[in-house]
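Hi,

Here is the model we talked about.

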Amino acid sequence: MSSIILYCQVLCIKVVEIILVTIKPRTILFNCSIQKIIHNSNLFYCYHLQRVDLPSQWRKINCPVMLTSGNSSSHPVSFILLGIPGLENSQFWVAFPFCAMYVVAVVGNITVLFIIQTDPTLHEPMYLFLAMLAITDLVLSTSTQPKMLAVLWFHAREIEHHACLIQMFFIHAFSSGESGVLMTMALDRYVAICMPLRYSSILTPTVVGKLGAVVMVRGLLWVSPFCFLVARMPFCPKKIIPQSYCEHMAVLKLVCADTRGNRVYGLFVALSVVGFDLMVISVSYVMILRTVLGLPSREARLKALGTCASHICVILAFYIPGLFTFFAHRFGRHVPRVLHVMLANLYLLVPPMLNPIIYGVRTKQIRDRVIHGCCGKDF
């Protein structure tokens, strides 16, 4: 009889909780210690998953009770980042080249932004797109590297649940933004080489600003839904992420629910964004190649192709490790974890480091300004 009473109490509490959540949709999510109820060798776990605005006479109903064997919880307080699994004994030393690359990325991109902002002659479409690329690189690298270095150097592996989701949002939103900026830079090269007389009339500052806004808004709108979906899902007690930062698929593997919808949407976003951008880039360069091959002199052809070399190098540095990381998460079951994690780290660090170096070396205006600022000489 006592067992029936206990089960009825649990059922009533659950029904009341559902009614209250339905009536008062605004809830405050937080975590507290797990309470255990043991009756006749039956173990129940009581998780304090939500706080609902309750009437004063119902304040005792402060935790929804779940009939479970303890294999799931709603929202953990934090996750644990392992850093680089397989290199635990070397992580301290591996962090030094990562730190050096991060410093180069920050200094290089800030320098590019400063030069473009202070030199009115560089307020042209190509350099405005380059400034957008520098901003995106700064956000991408800064959203992951400080925490990664803390994990590798100081073993500060814990990351708060909401901080992890915010980091995941910034990584994917600005990765999409960088892909879009590279696409707009390909369009810029196409107009400059194939329509040189109409270049300034087609790519006005207003058009450049609208293109930059569109690619950034696209990233924010495409990425927001699967971040919200992950935030609403229940997580398993295992809260270990075998990486150095919170990536969508790595976090999704900790969910104790059906994640097929989230996986399909994430795949759709990645393929639609990268697929569309790569298609536009490919078409642009096919048209550029046709125009260049039609030029009369060899010098003209080399000069035209030389203006595209920097952009091609940046595209390869961004897409090759990015696509490898994307497909390894979903299909690379036999890829060594160390290789996967290292490439995932380099994917968010190498392009931000290389982009200002590539454009600084190959772009005469930027190179001359840097030399003049460092040495006080004009070349």
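Below is what turned up on the cavities and on one helix pair.

This is a predicted model, so local features need pLDDT of at least 70 and side-chain atom pairs count only at pLDDT 80 or more, while totals for chains, interfaces and linings use all residues. Residues are numbered from 1 along each chain as its sequence is written, and side-chain values use heavy atoms, with hydrogens and water left out.

Cavities: the structure has two of 30 Å³ or more. (A cavity is a set of points on a 1 Å grid over the protein atoms alone where a 1.4 Å probe fits but cannot get out; lining residues have an atom within 4 Å of a point. A volume is the space filled by probe spheres set on the points, which are joined across faces, edges and corners.) The largest cavity holds about 460 Å³. It has 24 lining residues, and His-172, Ser-175, Ala-270, Phe-326 and Tyr-347 are the closest to its centre. H10 supplies the largest share of that lining, seven residues. (Helices are DSSP runs of H or I, at least four residues, numbered from the N terminus.)

The second largest cavity is about 40 Å³. H3 gives the most to its lining, with four residues, and Asp-137 and Asn-355 are among the residues that line this cavity.

Helix pair: the axes of H10 (298-331) and H11 (337-347) come within 9 Å and cross at roughly 140 degrees. (Axes are lines fitted to C-alpha atoms, for helices over the stretch in contact, with angles from 0 to 180 degrees between N-to-C directions; contact means heavy atoms within 4.5 Å.) Phe-318 and Phe-324 of H10 and Leu-343 of H11 are among the residues making the contact.

Cheers

Conventions: Helices (H or I, at least four residues) and strands (E, at least two) are DSSP runs, numbered from the N terminus. On a 1 Å grid over the protein atoms alone, a cavity is a set of points where a 1.4 Å probe fits but cannot get out, and a pocket is an open set with protein on both sides within 12 Å along at least five of seven lines; lining residues have an atom within 4 Å of a point.
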